[in-house]
Amino acid sequence: MLLLLAACGVAFNLNASVAPAEPRTLLVEVRDIPADEQTGEGSFVASDYNRERVVSLIRNHALLLATPAELDELAAAGFAPKVIMENKDQLVLYRRALYGPTLKLDPYYHSYAQIIARADELMRAHPRLMQRFQIGETTQFRQPIYAYRISNAATMAQDRPAVLLNGAHHSDELIGTETVVRMMEKLIAGYGSDPVVTRWMDQLEIWLVPVVNVDGHNVVTSGHDPRWRKNLRDVNGDGITGVYPEGVDVNRGYNFNWALGGSDQPDAYSYRGPHPFAEAENRAMRQLADLQQFLLSISYHSQGEVIFYPWTWGGRPTPDDAVITRIVRNVAAQIGKMDGSGTYDMSPGGPSSQSYPWFYGRRGTIDMIVETGKGSHIFSAEDAAGIVQENLKGAAALFDHAFGPGLNVRVTDATTGAPLVAEVWLPRIDNETVDRRHSNAEFGRAYRLLEPGTYYVVISRPGYETVVLPEQSVAAEGWTELEVAMKPVAGGE
Ligand SMILES: [Zn+2]
């Protein structure tokens, strides 16, 4: 039975892997695997599909690790397994499988140094359109983690909806980073000539974090280990890093039901670390979320051709389920699958420790995980370019949703006119699972994406009279703008 490669956004059961009696020393190629052998009912591989066994399965072409006995079983079952390489060191086999015969990552992919250099080049040529922010540094090697703000006036914070794309929480999942880098180039090249890009940049703030897990990304792009998923934290403190499977899964480090997500075992694929926000990569993303409230975001991963979104929690959806599922459906519908069989699937994920429950539950950002590609984490340059092209369409659909419909509220102090941070909430919709949304400090602004309809809106802040707006209409398109001047209560702050 051959199960599909578990998508990284969902629970991954390493224990399902039954270790063979002898080590797997063979890298084996099998071509022309029939579709029914890939769906879980086949007799092709009598175990789970994870990276201990099947390294990649792209279309009908698999690379797997096998023992000599497993090789014989494959041949006896009527397949034509071809041994590509034999080696006692599994890392050597993984390198050959995922980097190819050159043992180097294809130059289609960027190293982090190349991303920084490319971004520098774009900023030098278009200093008004793009600005770089260091949002933190990596846990182990203290490398800078950068975010890029892109708009028609990027050197200043703009009072606009903000959207975010980020890549490589998991460092072997390279397609997301390449999608973010290509979007950066598309935005800068298209401003003033491409009307769609120009509209985004004139009316939104677009933020890009090409690589969250910079240390891990370097392990993969340098050719050291194409499996590397976690960060480089020296968990056992032996002073040696980069020995698989050490590190912390930085997509299990967010403080939203943290203890329910991932694993507490340091060698586990999804080790969540010692406590929430223990990893500097997660603190960097929190720092960014403190700097900028995001309306919408995509966290790119691999693989599975599916979008995970917040959430199903004890069988209950989020209070914003209608809005979220509409947006996710529209994003997914733009991203074609590799085999041409349709567009990406969608599925509500669990509510624990990953980026999207935290961004949504704590910050009100509709964040989703897009699992790019199918059957591997690293693809040939040709396949990678195709997957990126499709995912740029998905990102475009996300940006288009930052224009409403919904409420656009500006809150000020009635006496001074100064912008105010206040709770802007919908008591008939919001529930205890989600923190209340706030207007931001800089502009007193709060955006809330909604379905068309009529809403009961409450704006509250200690020291001010609560404002209740019982019947606010949201049309089918665009923002309903509300100016709210809050009166200080007598004797208040
Ligand atoms: Zn992932």
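I began with helix 2 (residues 90–99), which lies across strand 1, strand 2, strand 3 and strand 4 and runs at about 10 degrees to strand 2. The model is a predicted one: local features need pLDDT of at least 70, side-chain atom pairs count only at pLDDT 80 or more, and totals for chains, interfaces and linings use all residues. Residues are numbered from 1 along each chain as its sequence is written.

I took helices (H or I, at least four residues) and strands (E, at least two) as DSSP runs, numbered from the N terminus. Axes are lines fitted to C-alpha atoms, for helices over the stretch in contact, and angles run from 0 to 180 degrees between N-to-C directions. Contact requires that the C-beta atoms of two residues, placed from the backbone, lie within 7 Å.

Next I looked up helix 1 (residues 68–76), which lies across strand 1, strand 3 and strand 4, at about 15 degrees to strand 1.

I then traced the open sheet of four strands, whose order is 2-3-1-4 with antiparallel pairing; pairing requires at least two DSSP bridges between two strands. Strand 2 (54–58) and strand 4 (82–86) are the edge strands, each pairing on one side only. Strand 1 (residues 26–30) and strand 3 (residues 61–66) are antiparallel and share five bridges. I noted Ala 66 in strand 3 as the bridge partner of Leu 26.

I turned to the open sheet of eight strands, with the order 5-6-8-7-9-12-10-11 and mixed pairing. Strand 5 (130–137) and strand 11 (345–348) stand at its edges with a single partner strand each, so one side of each has no neighbour in the sheet. Strand 7 (residues 162–167) and strand 8 (residues 205–209) run parallel, joined by five bridges. Asn 166 has Val 209 in strand 8 as its bridge partner. Helix 3 packs on this sheet, touching strand 5 and strand 6 (144–150), and its direction makes about 145 degrees with that of strand 5.

Ile 115, Arg 118, Ala 119 and Leu 122 in helix 3 meet Val 181, Met 184 and Ile 188 in helix 4.
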